[in-house]
Amino acid sequence: MRILLVEDEPEMVSALRAALKRHDMVVDHAASLSEADDFALEENYDAILLDRQLPDGDGLSLVRRLRGRKDGTPVLVLTARGDIPDRVAGLDSGADDYLAKPFAFEELLARLRALLRRPSAVQAQMIRAGHLAFDMGHREATIRGEPLALPRRELLVLEALMRRTGRMVQRAVLMEAVFGLDDEIQSNALDTHVSRLRRKLADAEGGVTINGIRGVGYLLRETANP
């Protein structure tokens, strides 16, 4: 899953990013409403974790903007303002759920899972490129409906590339998506995973190619219509 975390408290950001990554989630971070709006316009997210008290305003204004442009991305509001009127205001603004701080991370995960089981979220969990389809909910890749067996890190590489099909994905973004904070990483580890993935996609005639620019990053292109 790819999550947009909108939070300006450094300690909370650090804790949540580390915890979400341990559960194989890719996390983009925005520290303000304006930054979050830019991210949401450029990227498709499975869910947004949104603080209400941000430097440039109330987080609920972002929810209203998203819903105003028909963006149905599930939004879970995280806030210290947890009394009933605030919860009602959050839900009435278009947020999908509301969690008061402090909270247990296990509850946050459970609420995320519940959001992603909803029909609109389930429909958005399938990405397609060429003859390749990636089910983000189950983290499974198929080519023409047939399963493509990939180890975990290659799946993470594929997901990160497919989310930005036709666009360059910087090495730093891929490294963050594939490797944990505590992993001991060799300098060529990412390139090795990409090389293996590229061969498997070619052998299975996936209708996509992975191109790279040395020292910059990689991009996945379609070479055949789905």
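Residues are numbered from 1 along each chain as its sequence is written, and because the model is predicted, local features need pLDDT of at least 70 and side-chain atom pairs count only at pLDDT 80 or more, while totals for chains, interfaces and linings use all residues. Side-chain values use heavy atoms, with hydrogens and water left out.

Begin with the open sheet of 5 strands, whose order is β2-β1-β3-β6-β7 and whose pairing is parallel. Strands (E, at least two residues) and helices (H or I, at least four residues) are DSSP runs numbered from the N terminus, and two strands pair if DSSP finds at least two bridges between them. The edges of this sheet are β2 (26-30) and β7 (97-100), and each has a single partner strand, so one side of each is left without a neighbour in the sheet. From one strand to the next, the twist averages 20 degrees; for such angles, axes are lines fitted to C-alpha atoms, for helices over the stretch in contact, and the angles run from 0 to 180 degrees between N-to-C directions.

Which helix packs with α1 at an angle of about 60 degrees? The partner is helix α5 (residues 105-116), and the two axes are 12 Å apart. The helices α1 and α5 are therefore oblique to each other, given that angles under 35 degrees count as roughly parallel, over 145 as roughly antiparallel, 65 to 115 as roughly perpendicular and the rest as oblique. Where they meet, Leu16, Ala19 and Leu20 in α1 face Phe105, Leu108, Leu109 and Leu112 in α5. The residues of this contact divide into 7 nonpolar, no polar and no charged, where Ala, Val, Leu, Ile, Met, Phe, Trp, Tyr, Cys and Pro count as nonpolar, Asp, Glu, Lys and Arg as charged, and the others, Gly among them, as polar.

A further open sheet has 3 strands in the order β12-β14-β13, with antiparallel pairing. Its edge strands are β12 (169-170) and β13 (208-213), each of which pairs on one side only. Strand β14 (residues 217-222) pairs with β12 over 2 bridges, and the bridge partners are Val169 with Tyr218 and Gln170 with Gly217. Between β13 and β14 there are 6 bridges, one of which joins Asn211 to Leu219. The hairpin of β13 and β14 has 3 residues between the strands, and there Gly215 takes a positive phi near 80 degrees.

Helix α7 packs on this sheet, touching β12, β13 and β14, and its direction makes about 70 degrees with that of β14. Within α7 (residues 152-162) lies Glu159, which counts as buried because its relative accessibility is 1%; buried means under 20% relative accessible area, exposed over 50%, and partly exposed in between (1.4 Å probe, protein chains only). Leaving aside its neighbours within four places in sequence, Glu159 is in contact with Met1, Phe134, Met136 and Arg139.

Terms used:
Contact means heavy atoms within 4.5 Å.
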